[in-house]
Amino acid sequence: MTEFLISANKPLRRRHASETRFKWMGRIAIAASLGFLVVMLVSILTLGIGAFSRTEIALAVDLGDGDASSKKIVRNALFTSFPEVTSRAERRQLLRLPSADASRELDRQLAENPDLAGQVATLWFTASDDIDQLIKGAIDTDKPQDQRRISDQELAWVTQLQDLGQIRKVFNTGFFTSGDSREPELAGILSALMGSILSLTVCFVLSFPLGIMAAIYLEEFAKKGRWSDFIEVNINNLAAVPSIVFGLLGLSIFLGYFGMPRSSPLVGGLVLALMTLPTIIIAGRSALRGVPPSIREAALGMGATQVQTTLHHVLPLALPGMLTGAIVGMARALGETAPLLMIGMVAFIVDIPTKITDAATSLPVQIFLWADSPERAFLEKTSAAIIVLITLLVAMNLVAIILRKKFERRF
Amino acid sequence: MSKPPIITARDVNVFYGQKQALNGITLDIPRNKVTSLIGPSGCGKTTFLRSINRMNDLVDICRVTGEIKIEGKDIYDKDVDVVELRAHVGMVFQKPNPFPKSIYDNVIYGPKIHGQIKSKADAQEIVEQSLRRAGLWDEVKDRLHESGTGLSGGQQQRLCIARAIAVSPAVILMDEPASALDPIATAVIEELIDELRKKYTIIIVTHSMQQAARVSQRTAFFHMGDLVESGATKELFTSPQDERTQNYISGRIG
């Protein structure tokens, strides 16, 4: 009897061993996916964090001559700061220290501060992208001169400016308040962000009510039969159609046939709505199916009509699930690039779009465009835009979770 | 019998697709009495119950022939509005299914959709009366605005009964109303049923022959889609005419 319940038999031990193995495989799978996630986030953060700051150079500008153009004032300020530079080639190099936009920055500062006129004032100007990268340590100064973007001469000037305290790093508000630019130091995310917001708004306004209505009709009212099966299969197929196909559809129908404005968030939103609709219908139907039939019976047994039953009892219970599905669909639409390329939302947009018919681009397309640009400084812009996109996605998912928790009712 | 029966079913056949679930049921349901429908699982008693308030309409493949008259009106006539019908024939289900709303809202829902409420005081009155009749008032009067799903199983079922009687139906159908409850809650429900028959006609489907014997005055025994036998409960249990009834109530089949 000593052996009772104290098992030494082999098959049992093997069963336990396989269970342990199985658990460990699961843990490894989770650890691996978490690891990838961390690597991705860390690399994007380290690459992109630089874009949130900006290098500025202080120049003593002589605003005494009211007739002189801003461009000339900046030039003279540079030449007086470095009087030893005389040759034309070197002077041209010198002019590339501040951003190409320096004269406009001067205009802006003057407009904000009219008292400056007639004085000699020290003002801050955005540095050009190469100087910016140098200050952020992205340029390897140990390399020979011809293998890097900054010449020894420029390096010496920057060192001189640094010693004089004429170089500083500030928070890059311009990244969030301006549109795209050919100059990396001036390029901002706002035009793309607005484009995304406008497109998503169009997409939501169209696909959410349509999707919910379709889901309710199919689930609660339609007679089950060959037709409803046919429709269901097609909706499921539609959800799996590659997004670029929707882009082609938008190109030929919305742009080609209806002649809607090219590159506009209106068309982008329409295409995204087509793409999101099946997702919302499927999520909505499964949310409706999750409502216990006993609730429907109770309401119908009371003499409620089908519509009353649905609106008073079924929909409130299904809504959290429907909203979650819709937000997940929206999040997917936010990250969508391919269909937008097809309808021309891949343009270089400097102006911030304010209407759904303005030309616009979207965040993921902006990322694609920047990633494609040759300037070194666009690398950090790319990552920074990805950070903005991911932040938005996380925020949307958070909203989905909060909504679900808030409206979830037990039955 | 002095009063005419409230419901007369004549040759009722119910089909689910090709399958026939009820074979020519002819049955009278007397007024202000409890009629119990008994029989083994799948015998068609619930199907018959659900054809009295046309809940079978919800099943796409279901088809009903024959006639079921309530107060002389065939409920399967074209001009009968099923919403109106269900206001007169209430139903209580097997599993308590209160709406996930407050107790008050549960009770007032029926009167509200049927436009029976004229004022707020009216509503208050209906809620109190219905809950009193369902024997639930004293237990819930201080928490009318708490969720109905927070009650115990037996209380939930009585809330469902209160909800059904709030629209003042003539008939209440009960589909095994106590099968999900413990014996004490069951006893409370049975007492309530006995009380309710003064005002309403009640048809109850039950698996328990003891329950049928305790609460009902009339009993109908179903078997394989046939109505085998019906009559006064006492007589049916003491001297069944049909062999199948005999076998069932003595526990040999079912």
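Modeller: Chain A splits into domain 1, residues 50-172, and domain 2, residues 190-407. Those bounds come from an automatic or database domain assignment. This is a predicted model: local features need pLDDT of at least 70, side-chain atom pairs count only at pLDDT 80 or more, and totals for chains, interfaces and linings use all residues. Residues are numbered from 1 along each chain as its sequence is written, while chains are lettered from A and ligands numbered from 1 in the order in which they are written.

The C-alpha centres of domain 1 and domain 2 of chain A are 46 Å apart. Where they touch, domain 1 of chain A gives eight residues and domain 2 of chain A gives seven. Two residues are in contact if their C-beta atoms, placed from the backbone, lie within 7 Å. The domain 1 side of chain A holds three nonpolar, two polar and three charged residues. Here Ala, Val, Leu, Ile, Met, Phe, Trp, Tyr, Cys and Pro count as nonpolar; Asp, Glu, Lys and Arg count as charged; the others, Gly among them, count as polar.

Now the whole chain. Chain A has 16 helices and three strands. Helices (H or I, at least four residues) and strands (E, at least two) are DSSP runs, numbered from the N terminus. The radius of gyration of chain A is 30 Å, well over the 22 Å that the globule rule gives for 411 residues, so chain A is more spread out than a compact globule. That radius is taken over C-alpha atoms, and the rule is 2.2 Å times the number of residues to the power 0.38. Along the principal axes, the C-alpha atoms of chain A fill a box of roughly 95 × 75 × 40 Å.

Next, the helix packing. Two packed helices are described by the angle between their axes and the distance between the axes. Axes are lines fitted to C-alpha atoms, for helices over the stretch in contact, and angles run from 0 to 180 degrees between N-to-C directions.

Take helix 1 (residues 10-48) and helix 16 (residues 377-407) of chain A: their axes come within 7 Å and cross at roughly 125°. That makes helix 1 of chain A oblique to helix 16 of chain A. Angles under 35 degrees count as roughly parallel, over 145 as roughly antiparallel, 65 to 115 as roughly perpendicular and the rest as oblique. The crossing of helix 1 and helix 16 of chain A is left-handed. Left-handed means the near helix is turned anticlockwise from the far one by less than a right angle; clockwise is right-handed. Helix 1 of chain A contributes A:Ile44, A:Leu45, A:Leu47 and A:Gly48, and helix 16 of chain A contributes residues including A:Leu379, A:Glu380 and A:Ser383. By class, this contact of helix 1 with helix 16 of chain A has seven nonpolar, two polar and one charged residues.

The axes of helix 9 (residues 226-239) and helix 11 (residues 265-289) of chain A come within 8 Å, at a crossing angle of roughly 125°. Helix 9 of chain A is therefore oblique to helix 11 of chain A. Their crossing is left-handed. From helix 9 of chain A, A:Ile235, A:Asn236, A:Leu238 and A:Ala239 meet A:Pro278, A:Thr279, A:Ile281 and A:Ile282 of helix 11 of chain A. That contact of helix 9 with helix 11 of chain A has six nonpolar, two polar and no charged residues.

Last, the neighbour. Chain A gives 18 residues to the contact and chain B gives 20. On the chain A side, helix 12 (293-301) and helix 13 (306-334) are the elements that give two or more residues. Helix 12 of chain A has the largest share, six residues. The side of chain A that touches chain B divides into seven nonpolar, six polar and five charged residues.
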